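Please follow the points in order.

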Amino acid sequence: MPDKSEAPKPVDTAKTGLPPPGPVRNHDELRKQAALRLVAANPHMTYMGQVPAVLLAIPVLEVELRHDGHIKRINILRRPGQAPDTLQLAIDALHRAAPFGNVSRMPEPWKFSETFLFNDDRHFKPRTLD
């Protein structure tokens with residue numbers, strides 16, 4: 001059974017400098033928009049180049065959303081064996097990128113998963129964008 005992390009109160013996107021998320025109609029659009037928002041909200045800790053052959057850590061998280069795209073819960077699907085601090089870095093990055101778009105017209109469950117590919121500098125690339 002995955003670990004669960006309750007989400008804090010929604011973040012005001014005006015404070016993060018991110019534009020409001022666009023509408024999403026299906027799970028593929030949701031994952032893509034979420035990955036792009038992760039990079040936009042965390043430019044100081046992401047990379048977009050080639051993924052190194054050896055990665056520092058690979059946490060995998062499942063994000064459950066409320067109808068408005070704010071985070072309801074984060075489930076930990078894979079804890080990194082080394083560099084355990086990258087798990088919290090990934091969780092914090094998700095909170096900075098939220099909300100992820102109104103999902104109320106999508107079929108439930110309103111969830112997506114993301115794999116965080118951390119390099120030795122503790123910068124990540126969302127696997128969705130690789």
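1. **Thr 86 and its contacts.** Neighbours within four places in sequence are left aside here. Thr 86 then touches Leu 56, Ala 57, Pro 59, Pro 80, Phe 118 and Arg 122. Thr 86 belongs to helix α3. Is Thr 86 buried or exposed? Its relative accessibility is 0%, so Thr 86 counts as buried. Keep in mind that this is a predicted model.

2. **The overall plan.** The protein chain has three helices and five strands. Read from the N terminus, the order is β-α-α-β-β-α-β-β. The chain holds 130 residues, and 48% of them count as buried. Its accessible surface is about 7,000 Å². Carbon and sulfur atoms hold 51% of that surface. Now take the contacts with a separation of 6 or more. Of these, 72% are between residues 24 or more positions apart.

3. **The largest nonpolar core.** This core has 31 residues. Which members touch the most others? They are Leu 61, Leu 65, Leu 94 and Phe 100. At least two core residues come from each of α2 (27-41), β2 (60-65), β3 (71-78), α3 (85-97) and β4 (111-118). Helix α3 gives the most, with six residues.

4. **Ile 74.** This residue lies in strand β3. Ile 74 has a relative accessible area of 0%, so it is buried. Ile 74 and Phe 112 are 38 residues apart in sequence. In space, their C-alpha atoms are 9.9 Å apart.

5. **Strand β2 and its cover.** How many of the six residues of β2 are buried? Six of six are. In a regular strand, side chains alternate between the two faces of the sheet. Check this on β2. Val 60, Glu 62 and Glu 64 point one way. Leu 61, Val 63 and Leu 65 point the other way. Note that the buried set includes Glu 62 and Glu 64.

6. **The partners of β2.** Strand β2 pairs with β3 in the antiparallel sense, over six bridges. Glu 64 stands opposite Arg 73 in β3, and Glu 62 stands opposite Asn 75 in β3. Strand β2 also runs antiparallel to β4, joined by five bridges. There, Glu 62 has Ser 113 as its bridge partner.

7. **The β2-β3 hairpin.** Strands β2 and β3 form a hairpin, with five residues between them. Gly 69 sits in the turn and has a positive phi of about 90°.

8. Helices α2 and α3 pack with their axes 8 Å apart. What is the angle between α2 and α3? It is about 100°. Angles of 65 to 115 degrees count as roughly perpendicular, so α2 and α3 are roughly perpendicular to each other. Arg 37, Leu 38 and Ala 41 come from α2. They meet Ala 93, Leu 94, Arg 96 and Ala 97 from α3.

9. **Backbone points to check.** Most residues other than glycine have a negative phi, and most peptide bonds are trans. Which peptide bonds deserve a look? The bond from Ala 98 to Pro 99 is cis, with omega near 5°. The bond joining Glu 108 and Pro 109 is cis as well, with omega about 10°.

10. Ala 83 has a positive phi of about 55°. This residue is in the loop between β3 and α3. With a relative accessible area of 10%, Ala 83 is buried. Arg 122 has a positive phi too, near 65°. Its place is the loop between β4 and β5 (124-126). At 33% relative accessibility, Arg 122 counts as partly exposed. Arg 122 is also one of the contacts of Thr 86, where this note began.

Technical notes:
Residues are numbered from 1 along each chain as its sequence is written. This is a predicted model: local features need pLDDT of at least 70, side-chain atom pairs count only at pLDDT 80 or more; totals for chains, interfaces and linings use all residues. Side-chain values use heavy atoms; hydrogens and water are left out. A nonpolar core is a set of buried Ala, Val, Leu, Ile, Met, Phe, Trp, Tyr and Cys residues joined through side-chain atoms within 4.5 Å. Buried means under 20% relative accessible area, exposed over 50%, partly exposed in between (1.4 Å probe, protein chains only). Helices (H or I, at least four residues) and strands (E, at least two) are DSSP runs, numbered from the N terminus. Contact means heavy atoms within 4.5 Å. Accessible areas come from the Shrake-Rupley method with a 1.4 Å probe; for residues, only the protein chains shown count as cover. Two strands pair if DSSP finds at least two bridges between them. Axes are lines fitted to C-alpha atoms, for helices over the stretch in contact, and angles run from 0 to 180 degrees between N-to-C directions. Angles under 35 degrees count as roughly parallel, over 145 as roughly antiparallel, 65 to 115 as roughly perpendicular and the rest as oblique.
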